[in-house]
Amino acid sequence: MADKKLHIALLFGGNSSEHDVSKRSAHTVYDALDKDKYEVSVFMFTKDGFLLGNEDSMKIFNGAVEDEVVAEAIKDVDFSNPLANLQNLSEVKDVDLFYPVIHGNMGEDGTVQGLFRLLNKPYIGSGIASSGVSFDKDLTKQLLTLHGIRNTKYVVVTLETRADHPYEECAAKLGETLFIKPARQGSSVGIHKVANKEDFEAALDDAFRYDYKVLIEETINSPREVECSVLGNREAKASKLGAVVVPEGDDFYDYNNKFVDASGVVFEIPVELPEDLTKEIQQMSLDAFRVLDNRGMARMDFLVDENNVPYFGEVNTLPGFTNISLYPQLWAVSGINYKALIDELIRLAIAEFDDNAKLHYDFQELGSEKLGAGLLTDEDKK
């Protein structure tokens with residue numbers, strides 16, 4: 001008798017600016033999953049955070065108009081039920097593992113990881129705290145700096161402190177040309193390169209549309225954008241490096257040339273760099289993976305300046321898996337093809353779940369005699 005197929009629930013979509021990118025990634029992953037080894041059910045989170053069932057999600061995979069499928073799916077839903085948004089998870093039985101392909105908000109920020117933890121099921125990628133910290137560029141940089149991993153200088157601005165950080169002050173501290181970035185966004189959404197007060201204020205206005213915490217960051221002179229893929233759990237390995245060369249005249253690798261029109265972008269995979277620089281970037285990637293307590297996979301992004309000094313940019317704990325995504329391409333040139341990479345991510349997820357299942361939690365029943373005297377008086381309790 002053949003071994004039972006592993007039942008995988010593939011989750012995608014989400015209520016983030018990367019909704020459509022997630023759909024592309026998930027479709028590529030679905031096509032690559034070996035159907036002789038895996039039974040695959042798909043679930044799409046709508047832009048409003050409602051989880052469609054497998055049947056409706058497959059309709060969208062197969063080209064149906066998303067808005068029409070969603071409208072039909074939710075027309076009779078009782079949203080007074082606190083679990084209404086997730087009720088369609090019960091549409092399929094015996095899920096063995098969750099595979100989130102949700103980029104950005106709700107996918108990389110620890111939200112669905114908390115759901116998987118409550119459901120007590122293995123899942124691909126980093127845990128709750130690691131995902132949340134890694135998704136926050138400010139918290140990431142604080143941890144990297146604490147552990148001596150080089151990254152760019154910056155200041156954090158909130159709506160309440162915006163007036164305390166005028167362009168003139170930031171330019172004096174960080175340089176005249178600055179990057180403005182929402183702290184918790186991905187795919188270059190809301191990011192602007194500015195060099196004067198007017199553009200600075202407009203960029204902040206836009207960045208605050210996506211987050212209430214914004215980074216104002218120094219610019220690296222003549223940077224090369226270099227990427228490294230990391231794979232593993234507590235013992236991880238780094239891929240060969242890749243570089244992104246954007247069209248002349250574009251300031252950086254933005255949303256448009258990532259996903260809308262990548263025809264002018266050149267990927268150097270693998271990229272030829274001095275051996276000592278390559279090793280330094282790979283080691284910085286592994287160090288960051290460890291410091292951030294990442295699991296499974298992460299893509300580490302770097303800027304390399306004109307003097308071949310690398311600066312850690314950001315970490316992506318659920319990197320893109322589209323046909324032009326760097327994470328799988330870097331592993332392909334490092335000797336792990338797309339299907340084998342997916343198999344390894346599934347193996348790592350199950351291994352991490354099994355490791356965590358060995359942890360002990362002691363529960364001691366407390367009778368009234370062990371509670372001790374309270375600090376509140378009878379008068380306080382009224």
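The lining of the second largest pocket, in this predicted model, comprises 11 nonpolar, 8 polar and 5 charged residues. (Nonpolar covers Ala, Val, Leu, Ile, Met, Phe, Trp, Tyr, Cys and Pro, charged covers Asp, Glu, Lys and Arg, and polar the others, Gly among them.) A pocket is an open set of points on a 1 Å grid over the protein atoms alone, with protein on both sides within 12 Å along at least five of seven lines; a cavity is a set where a 1.4 Å probe fits but cannot get out, and lining residues have an atom within 4 Å of a point. The space in this pocket is about 550 Å³, and of its 24 lining residues R117, Y123, E352, F353 and N356 are closest to the centre. Helix 12 (338-357) gives the most to this lining, with 6 residues. Helices (H or I, at least four residues) and strands (E, at least two) are DSSP runs, numbered from the N terminus.

A volume here is the space filled by probe spheres set on the points, which are joined across faces, edges and corners. The largest cavity holds about 100 Å³, and 12 residues line it. Strand 12 supplies the largest share of that lining, 4 residues. By class, the lining has 2 nonpolar, 7 polar and 3 charged residues. The second largest cavity, of about 40 Å³, is lined by 7 nonpolar residues, 1 polar and no charged.

Charged side chains come next. Side chains of opposite charge can pair when their charged atoms come close. The structure holds 27 salt bridges, each a side-chain nitrogen of Lys or Arg within 4 Å of a carboxyl oxygen of Asp or Glu. One of them joins D211 and R184, at 2.8 Å from N to O. This pair links distant parts of the chain, with the two residues 27 apart. D211 is buried at 8% relative accessible area, while R184 is partly exposed at 32% (buried is under 20%, exposed over 50%, partly exposed in between, with a 1.4 Å probe and protein chains only). Within helix 10 (residues 275-291), E275 and K279 lie 4 residues apart, about one turn of the helix, and their side chains meet at 3.1 Å, N to O. E352, mentioned above for the pocket, also belongs to a salt-bridge network with R234, D293, R295, D355 and K358.

Residues are numbered from 1 along each chain as its sequence is written. Local features need pLDDT of at least 70 and side-chain atom pairs 80 or more, totals for chains, interfaces and linings use all residues, and side-chain values use heavy atoms, without hydrogens and water.
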